[in-house]
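Please look at the sequence and the model below, and keep both in view while reading.

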Amino acid sequence: MSKADKLFVDMCNKVLNEGYSTEGQDVRAHWADGSPAYTIKTFGVVNRYDLSEEFPAITLRPTAIKSCVDELLWIWQKKSNRVADLHSHIWDEWADENGTIGKAYGYQLGLKYKFAQGVMDQVDNVIWQLKNKPSSRRILTNIYNFADLSEMGLEPCAYSMTFNVTGDKLNAILNQRSQDILTANNWNVVQYSVLVYMLAQVCGYKPGELIHVISDAHIYDKHIPVVEEMIKRPQYPAPKFRLNPDVKDFYDFTTDDIIIEDYKTNPQIKNIPVAI
């Protein structure tokens, strides 16, 4: 059975059984009808995914792997903040009158800085260091730029990636300040796992571990019955995953270079309300 399923079920049970309820508090998020979106939350969740053992897509319901990778490439490869550059509509709620999400996500990764090896953006710096200074303990990105927070459509949730080369394996830590477990957990796990696969391929490594650190892991009140049903579903083996081996440059990857096989899942859960 999928190890990602077990991690997901264990995390949900911990939140549901031991979590703290925000009901009655002054909360920022709300539902479409204007009512407050309360949560049950756990602080400081850490999940480890060994990418050398399996690809961590859950089977409790399908994860739209190519769609979440499209968002990843929008941020990390296109370095865009324009919602029109994204094939899905997941960011439409946060778009401004100019059709952007402000100085957030991809915008931050596109900013150039002066590094020891020259002027470049954060993504190019990661790639350069992985190829030239793999023993470095400073290979990371951070898009939580306090100077620009007031001009962001949404302050970054997944805000930092730290990379570490151990032997011939590329490992990474994804830091996330907040996560809606039902709608976003496996979405983020899958997309940043694919990022590790991509960077490993173009920089000459094998995929190692992805460690996902979530500060505020929460389940919204309207999601509780959905999660309770979902975690009781049958679990199946993880799908097989591979990338087009001919791609040698990170900026050449497209969603067509992702090959997923034997992805057996339970039915999709539709019409999940999203707190905004």
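Q176 has I214 in strand 8 as its bridge partner, where helices (H or I, at least four residues) and strands (E, at least two) are DSSP runs numbered from the N terminus. Strands of a sheet pair through backbone hydrogen bonds, either parallel or antiparallel. The model is a predicted one, in which local features need pLDDT of at least 70 and side-chain atom pairs count only at pLDDT 80 or more, whereas totals for chains, interfaces and linings use all residues. Residues are numbered from 1 along each chain as its sequence is written, and side-chain values use heavy atoms, with hydrogens and water left out.

S178 also lies in strand 7. Is S178 buried or exposed? S178 counts as buried because its relative accessibility is 16%, and buried means under 20% relative accessible area, exposed over 50%, and partly exposed in between, calculated with a 1.4 Å probe on protein chains only. Not counting residues up to four places away in sequence, S178 touches C157, I214, D216 and H218, a contact being heavy atoms within 4.5 Å.

Six strands form an open sheet with mixed pairing, and their order is 1-2-8-7-6-5. At its edges are strand 1 (20-21) and strand 5 (139-142), each of which pairs on one side only. Helix 1 (residues 3-18) packs on this sheet and touches strand 1, strand 2 (39-50) and strand 8, with a direction that makes about 160° with that of strand 2. Helix 4 packs on the sheet as well, touching strand 5, strand 6 (158-166) and strand 7, and its direction makes about 170° with that of strand 5; these axes are lines fitted to C-alpha atoms, for helices over the stretch in contact, and the angles run from 0 to 180 degrees between N-to-C directions.

Strand 2 holds V46, which counts as partly exposed because its relative accessibility is 47%. Leaving aside neighbours within four places in sequence, V46 is in contact with I211, H212 and V213. Although V46 and I211 are 165 residues apart along the chain, their C-alpha atoms are separated by 7.0 Å.

Helix 4 (residues 122-132) has Q122, V123, N125, V126, I127, Q129 and L130 as buried residues. At the start of helix 4, a side-chain oxygen of D121 comes to within 3.1 Å of the backbone nitrogen of V123.

Which residues touch the most other members of the largest nonpolar core? In this core of 79 residues they are W76, L130, M161, F163 and F250, where a nonpolar core is a set of buried Ala, Val, Leu, Ile, Met, Phe, Trp, Tyr and Cys residues joined through side-chain atoms within 4.5 Å. Helix 5 (residues 181-203) gives the most to this core, with 15 residues. W76 touches, among others, L109, V123, T141 and Y192, not counting residues up to four places away in sequence. A second, separate core of five residues includes A29, W31, A37 and A275. In soluble globular proteins, nonpolar side chains tend to be buried together.

Strand 9 pairs with strand 10 (residues 258-261) in the antiparallel sense over four bridges, and L243 has I258 as its bridge partner in strand 10. R242 is partly exposed, with a relative accessible area of 43%. The side chains of R242 and E261 are joined by a polar contact of 3.4 Å.

Finally, the protein chain has six helices and ten strands. Its radius of gyration, taken over C-alpha atoms, is 19 Å, close to the 19 Å that the globule rule gives for 276 residues, so the chain is as compact as a globular protein of that length; the rule is 2.2 Å times the number of residues to the power 0.38. Buried residues make up 51% of the 276 residues.

Technical notes
A polar contact is a pair of N or O atoms within 3.5 Å; within protein, one must be able to donate a hydrogen and the other to accept it, and residues adjacent in sequence count only if both atoms are side-chain atoms. Two strands pair if DSSP finds at least two bridges between them.
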